Amino acid sequence: HFLSFKLQYTMVSLLKLKQYSFPEDQMSYNAPSWNELERLTWSVAKQIKAARFHPDYIVTLAKGGWPMTRSLADFIAVDNIASIGVKFYSGLNQKYDQPMIYQDLPIAVKGKKILIFDDVADSGGSLQFMLGLLKKRRAKQIKTATLLYKPHSQFKPDFFAGVTSAWILFPFEKVEMGKLLTEKWQAKNLDQKEIKERCKKLGLIN
């Protein structure tokens, strides 16, 4: 039973992640570990349980929602999971007139209680689009959850475990983020040694 299963974590209402910054870089960064992601997921699960919401399905957004959906489903004892893929951009800064569903839901949601789950509410566009889509498909009840929420987001999830304005570097996208940051810092004429040290500090390389 959910309430009788205890993880050895000290939970707070909103989890704080360590923030990193570097000279001459206007961005700040969060680099949560897998253990921290599990703690965030556990916190979200506790909120869902406290709200007495038990969804028929967790609908996870590809690709960010995938890694921790399995843990969330376990924590709140939901057997049914479905995934949907939505694109907002066709290329760099080339936005579609309407979001494009490139992988639709394999289930009918009519009359079902749905929990929409993603890793972070950044702009909030994906969550807002999904809420509207599931309403059109006549889901009975819809709640939204993310691990993290950014204050500038146009959409605030029903459940979230942490708030940050930083650029989040998830452990399931180390190669992608390492490449982007390396290119960014190379463009600022940083030497390779400094770039390597920064990537190590952020946990992108060993």
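Predicted model: local features only at pLDDT ≥ 70, side-chain atom pairs only at ≥ 80, totals over all residues.

Helices (H or I, at least four residues) and strands (E, at least two) are DSSP runs, numbered from the N terminus.

Residues are numbered from 1 along each chain as its sequence is written, and side-chain values use heavy atoms, with hydrogens and water left out.

**Entry 1: H1 and H2.** I looked up helix H1 (residues 34-50) against helix H2 (residues 66-75): the axes come within 9 Å and cross at roughly 40°. Axes here are lines fitted to C-alpha atoms, for helices over the stretch in contact, with angles from 0 to 180 degrees between N-to-C directions. Under 35 degrees counts as roughly parallel, over 145 as roughly antiparallel, 65 to 115 as roughly perpendicular and the rest as oblique, so H1 and H2 are oblique to each other. On the H1 side I listed Trp 34, Leu 37, Glu 38, Thr 41, Trp 42, Val 44, Ala 45 and Ile 48, which meet Pro 67, Met 68, Ser 71, Leu 72 and Phe 75 in H2. By class that contact has ten nonpolar, two polar and one charged residues. I used Ala, Val, Leu, Ile, Met, Phe, Trp, Tyr, Cys and Pro as nonpolar, Asp, Glu, Lys and Arg as charged, and the others, Gly among them, as polar.

**Entry 2: H4 and H5.** Helix H4 (residues 174-187) and helix H5 (residues 192-201) pack at about 145°, axes 10 Å apart. Thr 182, Trp 185 and Gln 186 in H4 meet Gln 192, Ile 195, Arg 198 and Cys 199 in H5. That contact splits into three nonpolar, three polar and one charged.

Entry 3: Three strands form an open sheet in the order E1-E2-E9, with mixed pairing; a pair needs at least two DSSP bridges between the strands. Strand E1 (19-21) and strand E9 (167-168) are the edges, each pairing on one side only. Strand E2 (residues 28-30) runs parallel to E9 over two bridges, and Asn 30 stands opposite Ile 168.

**Entry 4: salt bridges.** How many salt bridges does the structure hold? I get five, taking a side-chain nitrogen of Lys or Arg within 4 Å of a carboxyl oxygen of Asp or Glu. I checked Lys 150 with Asp 122, 3.7 Å from N to O. Lys 150 is in the loop between strands E7 (141-149) and E8 (159-163), and Asp 122 in the loop between strand E6 (113-121) and helix H3 (125-136), so the pair ties together parts 28 residues apart in sequence.

Note on methods:
Contact = heavy atoms within 4.5 Å.
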